[in-house]
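Visitor: I'm new to this, and I'd like to know how you back up the words you use. Can we look at the structure together?

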Amino acid sequence: MKRLDVREGWDANMRILVTGGAGFIGSNYIRYVLREHPEDVVLNLDALTYAGNLENLQDLEHSTHYRFIKGDIANPEDVAEVFAHGVDGVVNFAAESHVDRSILNPEAFVRSNVLGTQVLLEAARQAKVEKFVQVSTDEVYGTLGEQGYFTETTPLAANSPYSASKAGADLLVRAYGQTYGLPLNITRCSNNYGPYQFPEKLIPLMIIQALADKPLPVYGDGLNVRDWLHVEDHCLGVDMVLRRGRPGEVYNIGGHHEHTNLEIVNQILAELGKPRTLVQFVQDRLGHDRRYAMNADKITRELGWQPQIGFHVGIRQTIRWYLEHREWWQRVRSGEYQAYFAQQYGNRTGSRMIGGETK
Ligand code: NAD
Ligand code: TYD
């Protein structure tokens with residue numbers, strides 16, 4: 001097996017363990033790696049929770065450079081089994097990822113996001129991997145007022161059970177670097193959008209509601225701001241960090257595409273030719289962070305990362321993808337999704353039940 005030279009980047013034939021690779025960003029990342037680095041081998045460890053879907057990677061099923069292993073990152077036996085295949089680098093995407101679900105059930109977040117990360121770190125340490133990349137989020141920094149940006153030195157001030165669990169994981173990752181010398185990086189990215197995003201998150205949820213002429217549930221006054229980045233640009237950043245990031249460093253990744261939720265929703269309605277009357281203001285999310293915005297100068301300066309996909313192009317492509325992949329989202333919205341939807345939106349809309357069924 002060839003070794004990593006952090007000055008030069010990875011050599012060919014590296015075995016990369018991607019966790020959570022059946023989810024939204026992980027599946028886009030695996031496709032990205034096998035397209036851009038066809039000499040590499042990807043092992044995908046995923047527990048296939050409600051958010052994990054092997055359909056996202058159907059086109060890679062027969063690739064000799066790709067292997068799926070079903071397993072839980074919080075289970076040391078599952079993790080040991082994967083490491084037995086030989087692993088040079090780890091990119092940890094596996095997590096419970098939805099803030100609203102963390103408010104309903106924080107425990108699952110601590111288990112997968114905190115304990116799971118520690119189990120992986122331990123296995124990575126034993127295996128002496130060349131690099132461990134923890135895929136984190138801007139949400140660990142808490143919330144901003146109208147001005148300013150998060151930098152890598154902004155203190156962690158997580159406000160939701162989701163972001164607290166991600167911040168806990170970040171600290172464990174840091175500790176494995178400081179204590180055991182594990183070569184690692186943490187990436188903290190802003191809100192992603194793009195193909196294969198599970199339709200519980202703002203953009204796909206609103207596209208699908210609008211297509212069915214159903215109400216679009218906007219929390220509070222709709223003026224919370226998020227910094228949107230296309231998933232391909234996130235994948236590019238994570239990959240640069242894996243191969244060339246300076247060990248021990250944190251890198252912010254963000255798009256400088258700040259929009260209020262209402263702006264996003266109105267743009268989706270306009271693109272689909274649907275009326276703004278579909279917007280329904282509903283009870284606000286508990287502890288709802290007001291604004292996120294990233295300063296990503298460090299990754300640009302050190303690694304040359306630049307977002308490639310402008311928001312207006314990216315959102316159109318994404319809407320088209322959901323239009324062309326109705327079967328994909330109709331399938332993922334069956335079963336457990338209906339129960340979640342009723343629990344999440346049933347009580348907060350007052351007069352009208354929004355309804356998860358979409359024909
Ligand atoms: P997702 O919910 O779409 O996918 C998560 C994947 O992890 C699923 O395939 C799921 O089956 C798997 N998983 C969950 N718990 C697991 C466990 N215990 N063991 C193995 N697999 C498990 O999430 P996503 O949006 O693709 O996010 C991926 C990562 O990126 C997460 O760590 C998230 O915190 C981070 N992130 C997401 C965003 C965003 O906007 N979506 C932004 C910044 C960072
Ligand atoms: P989300 O996609 O859940 O990402 P995050 O909370 O991690 O930023 O939500 C993005 C924004 O959209 C956030 O401010 C909450 C808001 N939102 C709504 O107004 N209605 C919804 O139904 C959802 C899911 C989110």
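Visitor: What makes up the shell around ligand 2, by residue kind?
Guide: This is a predicted model, and in it the shell around ligand 2 splits into nine nonpolar, five polar and six charged residues. In all, 20 residues surround the ligand, and the closest are E139, P217, R285, H288 and Y345.

Visitor: How do you know that Y345 makes a polar contact with ligand 2?
Guide: The cut-off is 3.5 Å between N or O atoms. A polar side-chain atom of Y345 sits 2.6 Å from an oxygen atom of ligand 2, so that pair counts as a polar contact. H288 has a polar side-chain atom 2.7 Å from a ligand oxygen, and for R226 the distance is 2.7 Å as well.

Visitor: How much of ligand 2 does the protein bury?
Guide: Taken alone, ligand 2 exposes 500 Å², and the protein buries 97% of that. The elements giving two or more residues to its shell are α3, α6 and β8.

Visitor: How do you know that the length of α1 agrees with a helix?
Guide: At 1.5 Å a residue, its 13 residues should span 18 Å; the end C-alpha atoms are 19 Å apart, which agrees.

Visitor: What makes α1 "mostly covered"?
Guide: Eleven of its 13 residues are buried. Those buried residues pack against several elements, including β1, β2 and α7.

Methods:
Residues numbered from 1 in each chain as written. Chains lettered and ligands numbered in written order. Predicted model: local features only at pLDDT ≥ 70, side-chain atom pairs only at ≥ 80, totals over all residues. Heavy atoms only, no water. Helix = DSSP H or I, 4+ residues; strand = E, 2+ residues; numbered from the N terminus. Expected span 1.5 Å × (residues − 1). Buried < 20%, exposed > 50% of the residue type's maximum accessible area, 1.4 Å probe, protein only. Contact = heavy atoms within 4.5 Å. Near = heavy atom within 4 Å. Polar contact = N/O pair within 3.5 Å; in protein donor to acceptor, adjacent residues only side chain to side chain. Areas by Shrake-Rupley, 256 points an atom, 1.4 Å probe, with all protein chains shown as cover. Nonpolar A, V, L, I, M, F, W, Y, C, P; charged D, E, K, R; others polar.
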